[in-house]
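Hi,

Here is the structure I promised to pass on. Have a look at it first, then read my notes below.

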Amino acid sequence: MTLLRDMCYPTPSELALAARALADEHPGPARLRQIGTSRGSRPLWLLSVEPSGRPQGAGVLVVAGAHANEPVGGATALVLARRVLRDPATRAGRGWHFLLCADPDGAALHRTPRPYSLLDYHRNFFRPPGPEQPEWAPSLLPPDRLPPETLALTSVIDELRPVLQVSLHGTDLGGSWVQLTRDIPGLAEPFAKSAAELRIPVETGASDAAGWPSPGPGIFVMPEPGADAAGAFHPEDTRLSTWYHAHRYAGTTAIVEVPMWASDLVDDPAPHPDPRGALRFLAGRLTADAALVTRVRDAVPPGAPLPGAGAGSGAGAGLGGDSDAAALLRAVDWTLALIPRITVEWTGPGAPAEATAASIGSIDAFGRRLSLRAAAMLLRVLRAQGHPAAPGLDRLVTGWCEEFAARFQARRVPVAIQVEHQTRTVLAAYERLVADGTVNA
């Protein structure tokens with residue numbers, strides 16, 4: 001891990017080159033193949049590490065890069081592949097398969113290989129709308145409109161029938177947590193041990209999993225398909241995502257989140273004195289912040305020409321023409337449209353009367369990042385245009401990043417530490433399934 005301490009987030013092309021070198025170095029157990037093509041004609045690569053002879057059972061599928069702004073997964077996938085190659089017992093009787101980047105188009109537009117601050121991270125930020133995210137698309141689109149990245153992922157699940165699917169995710173600021181489509185008994189202990197050793201806080205009240213059962217700190221089990229609640233603050237139904245596709249083959253999916261910047265405020269188990277009052281305040285602030293971004297967004301009407309895209313210098317420059325700018329604006333509009341629905345949840349009758357400080361802290365961070373992301377993506381377009389509103393929006397983004405980091409006392413988590421924690425958690429999930437008898441060793 002020492003050699004990787006100063007590593008940066010690899011691009012999809014760098015991941016493919018490293019995977020090709022690994023397959024060439026281990027021509028027996030390792031192979032690299034293309035399983036599909038993105039909407040932008042970029043290849044989707046699957047690296048497989050398989051036992052000698054015919055696999056004896058369902059294997060493990062690791063998915064990286066499902067969210068463009070969460071780039072750590074690709075690096076983790078390569079480290080995991082190397083560890084599996086070094087440990088024949090781990091791959092005995094079954095294969096490990098690594099989708100190196102599920103959304104290479106999004107990754108090409110989110111350009112922060114080595115962010116040194118939250119502001120640096122947001123300078124070239126991109127996160128596509130929900131319907132354009134490979135894992136989320138099935139929860140928002142009919143089957144005949146699914147993007148090719150989603151179809152490639154579900155086809156691989158159908159082919160491999162994994163006993164364990166792991167989706168590698170990351171958060172900008174906060175702690176680490178794991179979401180499961182089925183409980184993996186005993187996972188909480190090695191997960192917490194790894195987090196403690198690596199000084200990563202455990203997000204005990206993750207807003208992504210509000211209302212879900214929690215068998216241990218930072219471990220959350222999603223509602224079963226057909227259950228009433230999908231999570232109090234989720235705009236989409238997780239049960240329709242590709243995470244549940246593995247259930248067709250009795251598989252389990254684990255989503256492993258790790259922070260780029262850590263905050264101990266999301267690991268505070270103390271009861272919050274006034275959760276509903278706090279949520280009303282956070283909803284009001286989010287509404288006001290969104291209104292500031294919307295006012296600037298209205299200056300760039302849909303379908304307007306975008307002169308200057310691809311020109312200029314400095315942060316925000318280098319957009320690949322109108323298509324990149326249009327993708328950014330779609331993401332801005334999607335994010336802004338989510339906010340009213342979320343604030344209604346925060347202030348409605350379903351708002352919790354009791355909550356921990358960690359839960360309210362996680363919701364606070366979630367609200368801050370929504371308006372900040374919309375503003376950051378809009379700023380990229382305005383800068384490429386040379387729009388007169390760009391300097392004012394730049395000051396807003398800068399101020400919000402500074403406030404976010406200061407409020408949560410953010411400390412940077414080196415990429416190698418993020419990778420190590422994800423790697424340990426994936427291996428622990430697999431080992432617990434073996435111990436539980438779900439996987440035959």
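Helix 9 is mostly covered, with 27 of its 29 residues buried (buried means under 20% relative accessible area, exposed over 50%, partly exposed in between, with a 1.4 Å probe and protein chains only). This helix takes in residues 357-385, and its end C-alpha atoms sit 42 Å apart, which agrees with the 42 Å that its 29 residues should span at 1.5 Å a residue; the expected span is 1.5 Å times one less than the number of residues. Just after helix 9 comes Gly-386, with a positive phi of about 70 degrees.

Before you go further: this is a predicted model, where local features need pLDDT of at least 70, side-chain atom pairs count only at pLDDT 80 or more, and totals for chains, interfaces and linings use all residues. Residues are numbered from 1 along each chain as its sequence is written, and side-chain values use heavy atoms, with hydrogens and water left out.

Now the whole chain. It has 11 helices and nine strands (DSSP runs, numbered from the N terminus: H or I of at least four residues for helices, E of at least two for strands). Of the 441 residues, 58% are buried. If you take the contacts with a separation of 6 or more, 79% are between residues 24 or more positions apart; contact means heavy atoms within 4.5 Å.

Two residues are worth a click. Thr-171 lies in strand 5 (residues 164-174) and is buried, at a relative accessible area of 6%. What does Thr-171 contact, leaving aside its neighbours within four places in sequence? The partners are Trp-177, Glu-257, Val-258, Pro-259, Met-260 and Arg-369.

Ala-429 belongs to helix 11 (residues 415-436) and is also buried, with a relative accessible area of 2%. Neighbours within four places aside, Ala-429 is in contact with Leu-164, Ile-184 and Leu-187.

Lastly, confidence. The mean pLDDT of the chain is 89, and 88% of its residues reach 70 or more; pLDDT is the predictor's confidence in each residue, from 0 to 100. Over residues 1-5 the pLDDT is below 50, and this stretch has eight contacts beyond near neighbours in sequence. Residues 305-318 stay under 50 too, with 28 contacts in the model beyond four places in sequence. Where pLDDT is low, the predicted coordinates should not be read in detail.

Cheers
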